[in-house]
Amino acid sequence: MRKIVKIEAALPQLPKKKQVAAYARVSVETERLNHSLSAQISFYSALIQSNPEWEYVGVYADSFVSGTSTKHRTEFQRMIADAEHGKIDIILCKSISRFARNTVDLLETVRHLKELGVEVRFEKENIHSLSGDGELERVHMK
């Protein structure tokens, strides 16, 4: 008696896209800073969506909130919660001062995100939190 062997087609595994979000914040309500926040949101939305290796998660933006504490920054807290739930791989931010003005908050948050495998990239300082051996190490661009 003949035996029939069914061969399953193996589907190629596509590389998983990095889930990327951005964080923007302005602390004072002025027309110029309100425009700055809109510009940051537009810039990061376009940047993330233009990279074929990235999946757009969104831009978390706190307006008219001080960066000296994370307590009253609802979008910042929502972003951290989403990172804790595995929804974010990379967070882009214009500068360290937009992310946190308090050094303790900055280091605690970056360390926590690093433990989760989430990289934070600070554009102005050209720093990536998961690069090299340092805690916040500059990335040298060629």
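## Close-up views of a predicted model

Figure 1. At a relative accessibility of 19%, Glu-75 counts as buried, because buried means under 20% relative accessible area. The model shown here and in the other views is predicted. Glu-75 belongs to helix α2, which covers residues 74-84. Which residues does Glu-75 contact, apart from its neighbours within four places in sequence? They are Tyr-23, Val-59, Tyr-60, Ala-61 and Asp-62.

**Figure 2. The salt bridge between Glu-75 and Arg-78.** Side chains of opposite charge can pair when their charged atoms come close. The side chains of Glu-75 and Arg-78 form a salt bridge, with a distance of 2.9 Å from N to O. Both residues lie in helix α2, three residues apart, which is about one turn of the helix. Whereas Glu-75 is buried, Arg-78 counts as partly exposed, with a relative accessibility of 40%. This pair also takes part in a network of salt bridges that links Glu-75, Arg-78, Asp-82 and Lys-87.

**Figure 3. Two further salt bridges.** How many salt bridges does the structure hold? There are six, and two of them are described in this view. In one, Lys-6 pairs with Glu-8, and the closest N and O atoms are 3.6 Å apart. Lys-6 is exposed, at 68% relative accessibility, and Glu-8 is likewise exposed, at 58%. In the other, Arg-121 pairs with Glu-119, and the closest N and O atoms are 3.4 Å apart. Are these two partners buried, partly exposed or exposed? Arg-121 is partly exposed, with a relative accessible area of 22%, whereas Glu-119 counts as buried at 12%.

**Figure 4. The largest nonpolar core.** In soluble globular proteins, nonpolar side chains tend to be buried together. The largest nonpolar core of this model has 20 residues. Those that touch the most other members are Tyr-23, Met-79, Ile-88, Ile-91, Phe-99, Leu-113 and Phe-122. Strands β1 (18-26), β3 and β4 and helices α2, α3 (96-99) and α4 (103-115) each supply at least two residues of this core. Its largest share, four residues, comes from α2.

Figure 5. Met-79 is one of the residues that touch the most other members of the largest nonpolar core. Not counting residues up to four places away in sequence, Met-79 touches Tyr-23, Tyr-60, Ile-88, Ile-91 and Phe-99.

**Figure 6. The largest pocket and its lining.** Rolling a probe the size of a water molecule over the atoms shows where empty space is left. The largest pocket holds about 230 Å³ of space. Twelve residues line this pocket, and nearest its centre lie Leu-47, Leu-92, Arg-121, Glu-123 and His-128. Which elements each supply at least two residues of the lining? They are α1 (31-50), β3 (90-93) and β4 (119-122). Helix α1 gives the largest share, three residues. By type, the lining residues comprise eight nonpolar, two polar and two charged. Arg-121, one of the residues nearest the centre of the pocket, is also the partner of Glu-119 in a salt bridge.

Technical notes. Residues are numbered from 1 along each chain as its sequence is written. This is a predicted model: local features need pLDDT of at least 70, side-chain atom pairs count only at pLDDT 80 or more; totals for chains, interfaces and linings use all residues. Side-chain values use heavy atoms; hydrogens and water are left out. Contact means heavy atoms within 4.5 Å. On a 1 Å grid over the protein atoms alone, a cavity is a set of points where a 1.4 Å probe fits but cannot get out, and a pocket is an open set with protein on both sides within 12 Å along at least five of seven lines; lining residues have an atom within 4 Å of a point. Grid points are joined across faces, edges and corners, and a volume is the space filled by probe spheres set on the points. Ala, Val, Leu, Ile, Met, Phe, Trp, Tyr, Cys and Pro count as nonpolar, Asp, Glu, Lys and Arg as charged, and the others, Gly among them, as polar. A nonpolar core is a set of buried Ala, Val, Leu, Ile, Met, Phe, Trp, Tyr and Cys residues joined through side-chain atoms within 4.5 Å. Buried means under 20% relative accessible area, exposed over 50%, partly exposed in between (1.4 Å probe, protein chains only). A salt bridge is a side-chain nitrogen of Lys or Arg within 4 Å of a carboxyl oxygen of Asp or Glu.
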